[in-house]
Amino acid sequence: MYAVGVAQLIGAGLLWVRGYVAHGALLLAVLMVGAVGSHLRAGDPALMPVPVFVLLILLASLAYARRSELGIAGPQSEPLTAK
């Protein structure tokens, strides 16, 4: 419980630091995956994990939009050269 709280605080803090927004969003998205899984495993009503799932989608979208901050190289294309 305390570890999750600290991870949430770190993730929220990273959302405010330029260049680390994607890291914070990714950390919080991973936590939201765990939250959705916990709701489903506990047998909560079907609508209970919906807000967590919406937040997961928003955080994943933010991490994807800022993926250049993660330093992950995408597919490389060959430069066009005149022959």
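Colleague: Is the crossing of α1 and α2 left-handed or right-handed?

Modeller: Left-handed. Bear in mind that this is a predicted model.

Colleague: Which residues make that contact?

Modeller: From α1, Val4, Ala7, Gln8, Ile10, Gly11, Ala12, Leu14 and Leu15. α2 brings Val21, His23, Gly24, Ala25, Leu27, Leu28, Leu31 and Met32.

Colleague: How do the residues of that contact divide, nonpolar, polar and charged?

Modeller: 12 are nonpolar and four are polar. No charged residues take part in the contact of α1 with α2.

Colleague: And the geometry? At what angle do the axes of α1 and α2 cross?

Modeller: Roughly 150°, and the axes come within 7 Å. α1 covers residues 2–15 and α2 covers residues 21–42. Angles over 145 degrees count as roughly antiparallel, so α1 and α2 are roughly antiparallel to each other.

Colleague: Moving on to α3. How far apart are the axes of α2 and α3?

Modeller: 8 Å, with a packing angle of about 155°. α3 spans residues 50–65. α2 and α3 are therefore roughly antiparallel to each other.

Colleague: Which hand does the crossing of α2 and α3 have, left or right?

Modeller: α2 crosses α3 in a left-handed way. On the α2 side, the contact includes Val21, Ala22, Ala25, Leu26 and His39. On the α3 side, Val52, Phe53, Leu55 and Leu56 are among them.

Colleague: What is the make-up of the α2 and α3 contact?

Modeller: 18 nonpolar residues and one polar, with no charged ones.

Colleague: Switching to rings. How many aromatic pairs are there?

Modeller: Zero in this structure.

Colleague: What sits over the ring of Tyr64?

Modeller: The charged end of Arg67, 4.2 Å from the ring centre.

Key:
Residues numbered from 1 in each chain as written. Predicted model: local features only at pLDDT ≥ 70, side-chain atom pairs only at ≥ 80, totals over all residues. Heavy atoms only, no water. Phe/Tyr/Trp six-rings, centres within 6.5 Å; stacked < 30°, edge-to-face > 60°. Lys NZ or Arg CZ within 6 Å of the ring centre and 35° of its normal. Axes fitted to C-alpha atoms, helices over the stretch in contact; angles between N-to-C directions. Helix = DSSP H or I, 4+ residues; strand = E, 2+ residues; numbered from the N terminus. Parallel < 35°, antiparallel > 145°, perpendicular 65-115°, else oblique. Left-handed = near helix turned anticlockwise from the far one by under 90°. Contact = heavy atoms within 4.5 Å. Nonpolar A, V, L, I, M, F, W, Y, C, P; charged D, E, K, R; others polar.
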